[in-house]
Amino acid sequence: MFYHAYNSYLDNAFPYDELRPLTCDGQDTWGSFSLTLIDALDTLLILGNNTEFQRVASLLQDTVDFDIDVNASVFETNIRVVGGLLSAHMLSKKAGIELEAGWPCSGPLLRMAEEAARKLLPAFQTPTGMPYGTVNLLLGVNPTETPVTCTAGVGTFILEFSALSRLTGDPVFEDVARKALRGLWNTRSNIGLVGNHIDVISSKWVAQDAGIGAGVDSYFEYLVKGAIMLQEEELLSMFSEYDTAIRNYTKFDDWYLWVQMHKGTVSMPVFQSLEAFWPGLQSLIGDIDNAMKTFHNYYTVWKQFGGLPEFYSIPQGYTVDKREGYPLRPELIESAMYLYRATGDPTLLELGRDAVESIEKISRVDCGFATVKDVRDHKLDNRMESFFLAETVKYLYLLFDPENFLHNSGSEFDTVSGPQGDCVLGAGGYVFNTEAHPLDPATLHCCSQGQAERQELQELLMSLTQPPKPPPTHADTGTAAQGSPEGNDLPRRTFTESIALKNGGRRKAPVLTCPMQPFSSKLSILGQVFTDNT
């Protein structure tokens, strides 16, 4: 399946973004940078094709140029291009690529990811910190660009941009991602919900439908996965508050409807195919029972049509007019993969089998696999989106390959020399971005630890050159703080302040400590490195 689609793209569509499988040619869709090849790169390694991974990684370095006069989606460029290049960079050692000195904190694929991300930064220059939806890669944001963008387009950057900042040492990426998250968090309604589209200049909600599907989905996904990758309780607390509101106002009989964000009244009693990621996300927080119930609801829709229509009317039990297509999306297969890893339930393998059979029977054509235009009669459309190779086939393969290195539970790992000594990498705990590009959290630890310590040392040296400040007196500060005999209680951090950490505000080891230990005293669990004093 993968190679039929992949070879068809190479033979008929490269260097265009996507394959048109019915006419056996290509088209640019998201920015004119061979998108399918970038999106498929880490899938090659997951399937065990190191040789092709090496060839394509070299080819992309020679052919892809981001300095072009093209309007690109900020969201799509981040998840597909930046995410795909970051993942390929992190997997370069496993792929057998010759590494330059300083890897994983440097490398050609990392520089490409950084270059692509820098092209997106002008979009974040808004009063709220929430980004525009589109940016010109050469000229920046068009003065006539609409300020209205979807919720996911604001809140789906913390994985890629934090990884970039911690690998490269440049805090700007993580800073803008956090500011966007904070801006979005501050706009939630009194009942704890967010809408679908927002004005990034005024913070006013333009579309007030609240749900877990299209336009919102990956915002919630990145709160959970960001908490896991960055080990930040605040992000998980944010998701938990949303999860409570979602269950209180949108959940009905293990389905999730769309409601008015301020009142909680039902606005659309439909299931959207993009919502099928939710059971997989629930599995990551341990909510297996609810995840399985919802998954089975979604699976019944698949069995009804041989795929998930974009919209499905829950009361009528049928497709919604003009939303009958299935563009070979991965979300239900993604949830099956996560839930099978958590439960071992064979029903989940049945979904995988059904998906393979349906896609092969309905969508396979001479030049790849075609989008299903209408699940009722299985008519096809002339498009094969890049996520088919990046996500759909990848999750199917991982569902049926329990021994894949991405499922590693810590029994195998690599060691490299990082800025402060040996680092343990590839020990598992990979976090998939919303385009199914796996990110290794251990690489962030390996690179950011040395950067944080160097910054800490610089701050310490700077403080030694400053004259000591005299302690404040009661005359300076007024009366002593309540509850503190000395009057020196620190102000309590508010929740929204704590999630918007500035550069230098990350949790760090105390000054003048020596956190690096001999390699023998380290322990790696699911990609997270611990030392004796953790």
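D25 is partly exposed, with a relative accessible area of 24%; the term covers values between buried, under 20%, and exposed, over 50% (1.4 Å probe, protein chains only). These areas come from the Shrake-Rupley method with a 1.4 Å probe, and for residues only the protein chains shown count as cover. D25 forms a salt bridge with R20, where the closest N and O atoms are 2.8 Å apart. A salt bridge is a side-chain nitrogen of Lys or Arg within 4 Å of a carboxyl oxygen of Asp or Glu. R20 is partly exposed, at 27% relative accessibility.

The model is predicted: local features need pLDDT of at least 70, side-chain atom pairs count only at pLDDT 80 or more, and totals for chains, interfaces and linings use all residues. Residues are numbered from 1 along each chain as its sequence is written, and side-chain values use heavy atoms, with hydrogens and water left out.

The structure holds 25 salt bridges. R118 takes part in one with E114, with the closest N and O atoms 2.8 Å apart. Both residues lie in helix 5 (residues 108-120), and because they are four residues apart there, about one helical turn separates them. Helices (H or I, at least four residues) and strands (E, at least two) are DSSP runs, numbered from the N terminus. R118 is partly exposed at 35% relative accessibility, while E114 is buried, with a relative accessible area of 18%.

R118 also forms a salt bridge with D170, the closest N and O atoms being 2.5 Å apart. This pair links distant parts of the chain, 52 residues apart: R118 is in helix 5, and D170 is in the loop between helix 7 (158-168) and helix 8.

## Aromatic pairs

A search of the whole structure finds 29 aromatic pairs. Rings of Phe, Tyr and Trp (its six-membered ring) pair if their centres lie within 6.5 Å; planes under 30 degrees apart count as stacked, over 60 as edge-to-face and the rest as tilted. The W185 and Y242 rings are edge-to-face, because their planes stand at 85°, with the centres 5.3 Å apart. W185 lies in helix 8 (residues 172-185) and Y242 in helix 10 (residues 233-249), so the pair ties together parts that are 57 residues apart in sequence. W185 is buried at 0% relative accessibility, and Y242 is buried with a relative accessible area of 1%.

The rings of F305 and Y318 are tilted, because their planes are at 55°; the centres are 5.6 Å apart. F305 belongs to helix 12 (residues 288-305) and Y318 to strand 15 (residues 318-319), so this pair ties together parts 13 residues apart in sequence. F305 is buried, with a relative accessible area of 8%, whereas Y318 is partly exposed at 37% relative accessibility.

## Cluster and charges over rings

One aromatic cluster is formed by W185, Y219, F220, F239, Y242, Y256, F277 and W278. R188 lies over the face of W185, at 3.6 Å from the ring centre. A charge sits over a ring if NZ of Lys or CZ of Arg is within 6 Å of the ring centre and within 35 degrees of the ring normal. R323 lies over the face of F311, at 5.4 Å from the ring centre.

## Nonpolar surface patch

I228, L236, L284 and I285 form a nonpolar patch on the surface, with about 270 Å² of accessible area together. Patches are made of residues with over 30% relative accessible area and no salt bridge; like charges are joined within 9 Å, nonpolar side chains (Val, Leu, Ile, Met, Phe, Trp, Tyr) within 5 Å. L284 is found in helix 11 (residues 278-284) and is partly exposed, with a relative accessible area of 32%.
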